[in-house]
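This report covers a helix pair, a single side-chain contact and a sheet. Please keep the sequence and structure in view while reading.

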Amino acid sequence: DIKKLKPIVDKVNSYEEEVRKMKADEFVAFTRKYQEMLRGKDYEEQEEIMWEILPKAFALVREAGRRTIGLRHFDVQVMGAIVLHQGKIAEMKTGEGKTLVATMPLYLRALTKRGVHLVTVNDYLASRDGSEMGELYKFLGFSVGVILETMHDSVEKRKAYSADITYGTNNEFGFD
């Protein structure tokens, strides 16, 4: 499996220098360009396009992470992101960067403008991750919402659910 992922990681890496030279507003421009490419396409067509743009999209996310939160995805984290995009599970231990890994496939899926939810185990992680990773997503032109157990205002919840990327717990998503 790793041998199959390595060429994709190499392609992501091949964009690093180009992406590093980009101005901040160019990141949002690429997000909008990719959204336009996906607009009006059926699921299968979107999947095909996402695989085509994945290397550069992941390179954009990697650089956005470096610029906004001071974290650069390692190659092994890019592999984990690819695995998640494939709809598979990537086992990672505490401290190996699951939160950062998830930013890449979340970005790619959010390009469809259908909204993406990240399910975590407690309100603390939903709040922390939505806030910290939110800086990265905002740099790329996305909105971020967080659903917490303490939220009782339906207007506030609707706003969080209407975000491009929404963090929350399994209990809240399931109950809502």
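## Packing of H4 and H7

Which residues in H4 meet which residues in H7? The model examined here is predicted. On the H4 side they are Val61, Ala64, Gly65, Arg67 and Thr68, and on the H7 side Glu135, Leu136 and Phe139. By class, this contact has four nonpolar, two polar and two charged residues.

Two packed helices are described by the angle between their axes and the distance between the axes. For helix H4 (residues 43-68) and helix H7 (residues 123-139), the angle is about 120 degrees and the axes are 9 Å apart. H4 and H7 are therefore oblique to each other. Their crossing is right-handed.

## Contacts of Glu16

Glu16 is part of helix H2, which covers residues 16-20. Leaving aside neighbours within four places in sequence, Glu16 is in contact with Arg62 and Arg72. With Arg62 there is a polar contact between the two side chains, at 3.5 Å.

Three strands make up an open sheet with parallel pairing, in the order S1-S3-S2. Strand S1 (116-120) and strand S2 (144-146) are the edge strands, each pairing on one side only. From one strand to the next, the twist averages 20 degrees.

S1 pairs with strand S3 (residues 165-169) in the parallel sense over five bridges. Val119 has Gly168 in S3 as its bridge partner. Helix H6 (residues 98-110) lies across S1 and S3 and runs at about 150 degrees to S1.

Note on methods. Residues numbered from 1 in each chain as written. Predicted model: local features only at pLDDT ≥ 70, side-chain atom pairs only at ≥ 80, totals over all residues. Heavy atoms only, no water. Axes fitted to C-alpha atoms, helices over the stretch in contact; angles between N-to-C directions. Helix = DSSP H or I, 4+ residues; strand = E, 2+ residues; numbered from the N terminus. Parallel < 35°, antiparallel > 145°, perpendicular 65-115°, else oblique. Left-handed = near helix turned anticlockwise from the far one by under 90°. Contact = heavy atoms within 4.5 Å. Nonpolar A, V, L, I, M, F, W, Y, C, P; charged D, E, K, R; others polar. Polar contact = N/O pair within 3.5 Å; in protein donor to acceptor, adjacent residues only side chain to side chain. Pairing = 2+ DSSP bridges.
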